Structures are given as structure tokens and as C-alpha cells.
Amino acid sequence: MWFGKRRAEARLSSELRYHLDKLTEEYAASGMSPEAARLRARQEFGGIEQVKEDCRDIRGRWLEDLIKDVRYAARGLRRSPGFLAVAVLSLALGIGANTSIFSLINAVMLRSLPVREPDRLVLITRLRDEGKPASVSYPLFHHFRASLRSISVSAAHRTSSPTIVIDGSDEVAEADLVSGDYFSMLGVEPSVGRLLDAADDVLAPESPAAVISHRYWQRRFAGNSDAIGKRFTIGDKFLTIVGVTPPSFVGVRPGRTPDLMLPLTPMLSQEEREEPTNNNLNMIARLKPGATVQQVNAEVQVSWDQFIRAVAAPLPEKDRARILRQRAKAFPAHNGVNPLQYDFSQPLFVLMGIVGLVLLLACANLSGLLLARAASRQREISIRLAIGACRGRLVRQFLAESLLLAALGAVTGLCLSYWFSGVLVNMLADSGGLTLNVAPDWHVLAFTCATSVLACVLAGLAPGIHAVRGSLRPALKEARTVGHRRLGRSLVIAQLAVSMVLVVGAALFLETLVKLHRVERGMQTGGLLTFTVRSAEPYPAARGLAIRAALLERLSSLPGVEAASAAATLVIAGNLWVRKVQVQGYTYRPDEDETAALNVVSPRYFATMSTPLLLGRDFDPRDTTAGPKVAIVNERFARSFFGGESPVGRRLTSNDVTYEIVGVVADVKYRSLRDASPRQFYIPWTQREGEQPASYNYLLRAREGDPLRLGSSLERVVSEVDPSLRLGRWRSYAAIVDQTIVNERIMATLGGFFGLLALIIACLGIFGMMAFQVSRRINELGVRMALGAGRGDIVALVLREVTLMLIAGVVIGGACARAMSGLAGRMLFGVTPTDTGVFALAAVALGASALAAGWLPAHRASHIDPMTALRHE
Amino acid sequence: MDTPKSDLLQGTLDVLILKIVALEPLHGYGIAQRIRQISLDVLQVQQGSLYPALHRLEKRGWLRAEWGEAETGREAKFYSLTRVGRKQLEAETANWDRLSEAVTLILRAAE
């Protein structure tokens, strides 16, 4: 390109020279002296450079000009490193933050599964009440499969984490149970051996086949081919490994890569296979050629209606309404079965909005800086306009400067975002359970480019146009300065308004987090350790109970342990176990919910959790397997069924077993910190015939200090009680509860961070603007002081301007925040989106920062010497 | 003994160049000379407008430029007419004829 340009220049010169030489020859031939002939030729020819310029203009030169402009801008920027650093840093923060959040949105929502034609996949599912996808049952899967005409092939899938015994050692593996057509539907080919097909998905195969993932093959078998044909056990089933999936295959659920893929039908229990309301499968299907998701959806409605009517028909009138309320739908599933999409989409979109505002703020700030820079280059611009530069060209030069800044900002921002997305994924990840791919792909790069160009135009256009408008008319100079101040002021007001919105958002999210931490839990989560144990083979019931009791005994006598107990369900950890209950002497209203939350617990559970016992007694050794069945209820249960009367001695029935209520405990949050405490009843683990918990969570209360210190001795204690017992993961209870509010914590942390960032940027903006104003008004200030204005007056003069801008910014920003905060409504807790206190707090924070930023230039202005000021040019 | 000179009408330079070049490939100086000679010294082309016009016509694809040896043995840039240029020339010539007839009619009538 450079070569071509130089060549074109040379050709142009030689073309014109030829003409000139010929003219000279002509005059010489007519008898002039060579000297005179040359002179005459030059005269006739006119300005060579002018002709060249005209020719260059015609050839087109925008690229050449652009390169020149960028070089010129680079030279200019090198001369003011402070400006460069501030500008690039604020842009990098804006662009980086936007890119990171977008990478996450990309990873969670946009990235397609690496399978054949992912756009043709649909998820067919029942809906939760709030319209999000739920799951389907095995009979429903087969019903859909037989009745839907617009799909060519479909498969069911569910995740499970079984304990497998392989080569004599046992481990927990991440498994996907998949139906026969799963791999053929996705178009996945084996990398070794074979994959599962319809022949594997039968009720009682001789030895069920299993496929392992490439990652597991490498990790567990070091990629050795003798892994094929290996046998292993899950519970009482013997399975054989028959093949390995390709490295690119990561399953259908983003964020989770399975180790094993097992055939569905033989691995399900009889109840799971036959019960039409046992919903725990995901159904994915491939569209027939030419079919659309809408068509499938229409068919799903008809098919679902048939199914659910058949299910509801035999039920009593009252339950029928609840069953028939359920809906089903077909969703596009290019990104697979993706619960992350629904869990994280709202926080991610709100965050996207927040970082969008941060970028806007950075642009406004940069715009202000460029404006001040343009003002100090006014002389240069006037001269260039006077000697004939056209305005468009000058505007382009300003744009080149901001383009260069945006490019630098984009590169820095990309690096920043790579680091920042890593931090975000770690915050989101369930301690390593979530593997999100946030490496930049073309979506992300395109997004960053678009963002940078937008930033460049936003930041550079206004100052550029402003700087070249009317510069040639000295009479208008005064008006220009006024115009300049007005633009500068609007930029500062814009920054203050955007900051106000961000600070209000930060305050709302921080308040939410504080309220969630302060909400009454009904128990002490601090100082508690929890863990699970598993046995390679299931025990008979009586032996299991004896071993668990022995384990608890050993645990309670550990040094540093104040109390030990076990519970079937960990509360405030996202779990909910509900049962229908009948209470003696209480008749439900027709529309009333007949369920209560249940937990099966060991003795001393309430003491371990520090849940106060309000009435009656705790479970104790009297409550043996053979003894009378007893239950403890919570306050809410007591209030809702017995009003003011004591429930002790009354009876409740659940799953055909009748329990006598022997005590009342305080309300404990059950599913999450947000949900109100439900009606609860507890039954002792010795008397759990009607209720079969899958396993227990053990709880240890530390006498003092960090409960995690107790973890080191657990392994030994567990294996001493029974050598076939394995210790599972142990964690502090507080960490588990914290994990349930990870979204809220992210919003508070990031909201707070961006709010603070916004304050800093806005302060920089105010400081820059006021310092610049003061330096321009130094003469005027000098006159005022000479005429008797005191220092206080000067400070007041400057701060009055700051205050006016502040008021405008807070009012505009407050109104915007009020209009927007509703979007975060469901994410908040214990605070309304229009909470007056929050708005006042944000205004005060902004006001204090703004005045502090304005005070420095004001102080400087009040300390100038009037004589120096008057002489100032 | 100078002949009175006339300024070129706006936009006519292009068609003159196309016509001259249609006769034979020629360099810039030659084109200027030829216009002067054929118009019997009435039309003088300013170099300041000639070269930009040549470059413009080349960019539009009506002229093709080639470097070749001029009569003196020096390298010079020769312009020749392209096929598109020839069509353009025909169109513009027809246009000119119509225009000049019309102008003549009016001027005569006014007398």
C-alpha cells in the first residue's frame, strides 16, 4: 500500500514535469533564451503543487488522510501523557466491564452446543409457575415422543452423581442418564469404541453399557484403550464401558461436563419409570426438516392437554385444578438444557445495564477532557481554518484522536475483561462445579469493537464539532466561550446524573445484601460444620441406624465439638421437602394449601442449630423405632393449625403415619433466606418409616473459632466407625448459606464497585471542569479581588456553580433511577426500588464527593494574587 | 496577433478530452496542444484544470492510462479511450449538438 502510494506520487510528478518541459522546449524553439523560456513556461503552467493537490483529491485519499490523522493524533497524545493515561484508563474500564459482562452473557446464553446443527434442537418441557422450563416424567417423555409429528428424533436426559466402584476403589462420578437416541440426535460420533443406542436403552439388559467422556478417559485412565471393556458397579448394577465421546463433546448442559453417560431405562427405578408426575427428565428433540419451533409448540399444547387430563381424571376434584393448571412448551435449545440462562439472565441483564452506564459515564468524562483540550488548541484551529482547512477535515482529525484513544482503550479493556470475567466466573461458580467458557470468540470481539467505535463517536464528536464551529469570527469569540462552558457544564451534569443512577443501584443492592444477612434465620449458621458420608454399598435399615448413631456419638465426643447431630435436609440451602399433612381437629378451607415442610432429624438437632425450643420437649432416647411416633412443629405450624392453643399432645398424619406433637420450636428459614418460613414439622430419624430420606447431613457445632478446623479429624473418625464409610465434602454452614445468595452478593459487590467508580469518574470530571474554568477566568477573578471580593466570596462563586450542576445532576439522575430501579424489583429484598432513604443517601454521597472535588479548584482560585491574575494573558 | 480567447464552458472540457483522445492515444501536453490547434487558438486549456480532469476521467473508467515512449524518447503518460468512454463520448456529443442548436436558435431569434 505504501509502495503503491509512493509510485503514484512519482508518476504524478513525472507526468506534470513532462508537460512543463515540453512547454519550455516550445518557448525555447520560438527563440527565447532557455532562462526566459523556463520562466514563461512556469508562469503559464501555474502552481504545480496546486495541480497535484487537485489530482490527489480526485484519486481519493481518505485512507491516506486517516493514517495522517492518526499519526498526528498519536504525536499529540504523546505530548500529554497525563491526559492519555486518564482517557485510556477510563475507557478501558468502561469497555472492559462491558466486554466481561457480555462474555458471561455469551457463555451463558448465546454459545451454541458443539453438536451438529444446534439451531434445530428444541427443548420440550413442562413449565414452572413463573414460566421457566421445568422437567418431564418418563411416561410424559414417551407420550410426547409418540405424539409429536414435527420432530424427527428425541431424547431424554437427566443428571446424577452416583458412587461407582471401579477396579476395587470407589468414587463419585458425574453421570448423565440418556435415552437411546441421545447421541444420534446430537450427531456425535465416538472417538473410541461405540456410543449408546436404542439397543442399550432397554429395561433389563445383561450388563448395561456405559460411555465415558474424553476428559474422564484422560483423567481416570490416562487415555489408555484398555478402559474399553472395563466393568464397574453402581449400587447393585454391573456396567461395562463401551466407548468414549469426542473431546469437543461436553454434554447438553452448559457449565457441567459429565464423566459417564449411562442408558436411561435400566438406571431408573420402577417408580421413576411408571409414575406420570415424577418429573426429573429433560427432553430434547431435533426438528424435522422444514418444521419450526412454533409448529412443535402447537403440537405440544394438544399433546400435553391429552396427557394431563388423563393424569388428572382419577384424582379428587380439589387436586385436579392444581394439576390442570400446569402448562408445557417447546423452547429453542441451541444452547442445550440451560438452567443458568434462567438463573442468571436477570442479574446479567441488570449488570449489562450498569456497565453500559459506566461506559456512558466514561465517554462523558472523556468528552469533557477532549473539550478542554480543544479549547486550549483554539489558536491552532483558528489558524488552520484561516489558511483554508475545511471543517469536516478538522472534525475528522478530532475523531481520529478519539478513535486512537478508543482503540487503546479497547485493547486494554480486552485484557482487563479477560481477567475480570475470570473473577466473575469464580464468584458465580459453585466451588468448581461450574465450568463456563468465557474465552473471547467472535461474538465477544465484535461486541468490543462495536462498543469502542460507539465510545469513540460519543466522546469525540461533540467536542470536535464544537471546536471548529465559528472559530473564524472574532466577534463571536465571547459567545463561543459561553457555548463552551454550557457544553462543559452539560457534560458534568450528565456525569453526575449517571453517577446518581449507579449510586442508587449500588445502595439498593447493598441494602438487599445487608437485609438478607440480618434477616432472622431461626438458627446460628456461624460455627457450624456440615458434611455427608456415603457407604459403598447400602446397609439394611437397622444396621444403618446403628452405624449413624455410633458415628454421632463419636463426633460429639471429639475435642472442640459442642454438639453433633444429623438432618435429612439442610435448610437455607435451596432445598424444600414438603408433604401433605392432616391435622387432627382441623379442616382445610377448599383453596388452602395442604402441605407442610418436613425434616427428619437426629436428637440434639435443635441444640446443634441453636434453634430455641419454645414448648414441650426435644427428641430424646425415648423415641425409639418401636416407641410411639412423635413430631415437633414450628411456631408457624402451631399458629396456623391451632391458633393460640398449645399443640403439644395433638396429632398430625403424614404419609399414613400418625405422630403425636411433643414440642414447638422457633421458625427457621427453610428453602432460602428470602422465602418466609413455612409450616414445618420434624420427625426423629428413628421413626422415619413413612419418610425415606436418601441420606443424612451431619452437623457439628464448634465450641469456638473456625468450624473448618474440625474437618481434619473427620476422615479418621468416619473410617473408625465403619471401614466401608466414606467421608463426603465438608463445608462450613455459613458458606452454604452464602452460596444461596451468590447473585445478591455479586450484585452488591459489583454494584458497589461500579457505584464507587462512577463517583470517582464524576469527581474527576467536576475537578477537571472547574480547574479549567478557573484557569480561564483568572483575569475576571483578579478583577473581582481587586475590587474587594474576599476569599470566601471567590470560593462561594466557584462552589455555587458546582452546587447548581450538582442539583441538576441529582434531580435528573434521581428521576432516571426512579424510572429504572423497578427493573431490579424482584432481585431486591427488604427494600423497595423507590426507598426514600436510599435515594437520600445516594444524593448525600454524590453531593459530598462533588463538593470535595469542586473545593480544590475553588481553594486555588481564592489564593491567586490579584496582581498576577490581572497580568495573566 | 493574439486571437481572442474564450473560456471553456463549464463541463465541456471532459467531452473535448474524450474527443481528442478518441482520435489517438495522447499525453496531457499533447491533448492541450491539440485542443488549441483544432480550435484555432480560441480554446486554451489551463493545466490546473486539465490534469484533475484527466485523473477524474481515468477514475471514472472512461480513459485508460499507459506509460509509453513519446516522440522525443522520453517516458510519458498516454491516455486512450475505453469502451465505456466511447459510449460516453457519443452520448455527450449528441447532447452537445442538441444544446448548441437550441442555444443558436434562441440567439438568432433574439436578433
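Predicted model: local features only at pLDDT ≥ 70, side-chain atom pairs only at ≥ 80, totals over all residues.
What is the mean pLDDT of chain A? It is 85, and 95% of the residues of chain A reach 70 or more. pLDDT is the predictor's confidence in each residue, from 0 to 100.

Residues are numbered from 1 along each chain as its sequence is written, while chains are lettered from A and ligands numbered from 1 in the order in which they are written.

Back to confidence. Among the elements of chain A, strand 19 (residues 630–634) has the highest mean pLDDT, 94. Helix 27 (residues 866–871) of chain A has the lowest, 76. Helices (H or I, at least four residues) and strands (E, at least two) are DSSP runs, numbered from the N terminus. Over residues 472–476 of chain A, pLDDT stays under 50. The model has four contacts beyond four places in sequence for that stretch. A contact means two C-beta atoms, placed from the backbone, within 7 Å.

Next, a helix pair in chain A. Helix 25 (residues 791–821) and helix 26 (residues 836–862) of chain A have axes that come within 9 Å and cross at roughly 150°. Axes are lines fitted to C-alpha atoms, for helices over the stretch in contact, and angles run from 0 to 180 degrees between N-to-C directions. Helix 25 and helix 26 of chain A are therefore roughly antiparallel. Angles under 35 degrees count as roughly parallel, over 145 as roughly antiparallel, 65 to 115 as roughly perpendicular and the rest as oblique.

Now chain B. Which pattern does chain B follow along the sequence? It reads α-β-α-α-β-β-α. That chain has four helices and three strands. Helix 1 (residues 12–23) and helix 2 (residues 28–38) of chain B pack at about 100°, with axes 10 Å apart. That makes helix 1 of chain B roughly perpendicular to helix 2 of chain B. Helix 1 of chain B brings B:L16, B:I17, B:I20 and B:V21 to the contact. Helix 2 of chain B brings B:I31, B:R34 and B:I35.

Last, the two chains together. The contact takes 15 residues from chain A and 15 residues from chain B. On the side of chain A, helix 1 (2–29) and helix 3 (48–59) each give two or more residues.
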